[in-house]
Amino acid sequence: MDVSEFTLEKLREDLAGLSPEEHGFTHIDLERRPQRHGRLSGWILSAKDLNDVAGMPTTHGHAERTYLAEETDPFLQELIDAGAVIIGKSAAPELGLRVDTEPVGLPHPDNPHYPGHTPGGSSGGAAVQVARGLLRAAHASDGGGSIRVPAAACGVVGFKPAGEDLSVPGFITRSVADSATLHGLTPRTPRARVGVLTDPLFAEVEVAPHMLRAVSEATARLEGAGFETVAISPYPQAAATFEAFQHIFTHRLADLEFAEGYAEWIRAQGRRVAEMELLLARGHAIVLPGVLRKFWQVDAVLSPTLAFDPPLRGYFLARDHQENFDEQTRWSPWGSLFNVAKLPAISVPWPVPNHPPVGVHLGGITLDDASLLGLAQVLHS
């Protein structure tokens, strides 16, 4: 696929007649033009509506939080400096706090493969745009699965690179190669032992049969390509990892001034985190990669991305806040491990007969970003 297949003129045509629920944009500016020429010249991207692009409104997923950005966030500015054009903002839930995409006072994007259902989140608008073929790629971010969950829900690729924090920026794309290009990486196929994990890590939930079938078929492809695979089970410290994730995730909202509803509940959870609990959580995150290497003795982990198909829009918000959080975890009970451990992870679509594609998830244990992308290309070119 050539980047020239995605032009501003084609996008303008493709957007004609689409509602905000269908296209996933909260703001569109098709008059934007490249500011520089570089390695990303020709790329047309959207920016997640939690991040600033100068001259565009930022909503942070809540109509009352909207302001006009005066500066562009550094990660996005790097893309612009490399020749990319950012032509709008993609919908996200308030402050990126949930795995759906239902911003307050703004349209809720619809899943292209499952009409009436959530596209996942928090980078749901980005996934909708890529899945509909409006964009070749869209900026996204992942602090607990927020790139990989919507990618899996919408049948596209979502790569979370390794990083120095719980949350990292990245992209939702149509291919693994596009993810590599946008990150400036050259995939390399590693010699790797792959652990196959189908038991949920952080919640009790029955995994749908077609999700398990996808992992089984992906395992067979890896074996056919010469990779050793071995069945693995949850590691003993999984509960401590999820507690660490909750402490680190919620503590960031402890000083939030304006909050209501679910955001207020998250803020309250964060304010209950004691200083020692936060220190222990951060300490757990530091040693976690070593714990995983020692217990599993694999280079990567293959699992489903989601436990079941995308539910109806409104499914999560119809629950009280604690049950909402718990149900989000049941939907995606593997992904946040790689945020706590700061390791790379990717969801790639896997074909299922008479059904939209589902996500299979690869997480690196000893593999770096480029090696994980190389392994992922064995499953999805």
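**What the words rest on**

Me: Which residues of helix α9 are buried?

Reply: In α9 (residues 261–271) they are Y262, A263, W265, I266, R267 and G270. Buried means under 20% relative accessible area, exposed over 50%, and partly exposed in between, with a 1.4 Å probe and protein chains only as cover. Helices are DSSP runs of H or I with at least four residues, strands are E runs with at least two, and both are numbered from the N terminus. By the way, this is a predicted model: local features need pLDDT of at least 70, side-chain atom pairs count only at 80 or more, and totals for chains, interfaces and linings use all residues. Residues are numbered from 1 along each chain as its sequence is written, and side-chain values use heavy atoms, leaving out hydrogens and water.

Me: What covers the buried residues of α9?

Reply: The cover includes α8 (238–251) and α11 (321–331), where contact means heavy atoms within 4.5 Å.

Me: And what do the buried residues of α11 pack against?

Reply: They pack against α5 (148–154), α8 and α9. Among these buried residues of α11 are F325 and W331.

Me: Why does L280 count as exposed?

Reply: Its relative accessibility is 57%, and exposed means over 50%, so L280 counts as exposed. L280 sits in helix α10 (residues 275–296).

Me: Which stretches does the "domain: Amidase" annotation cover?

Reply: The unreviewed UniProt entry gives residues 32–175 and 192–373; such annotations may be inferred rather than shown by experiment. Residues 32–175 are 16% helix and 22% strand, while residues 192–373 are 46% helix and 17% strand.
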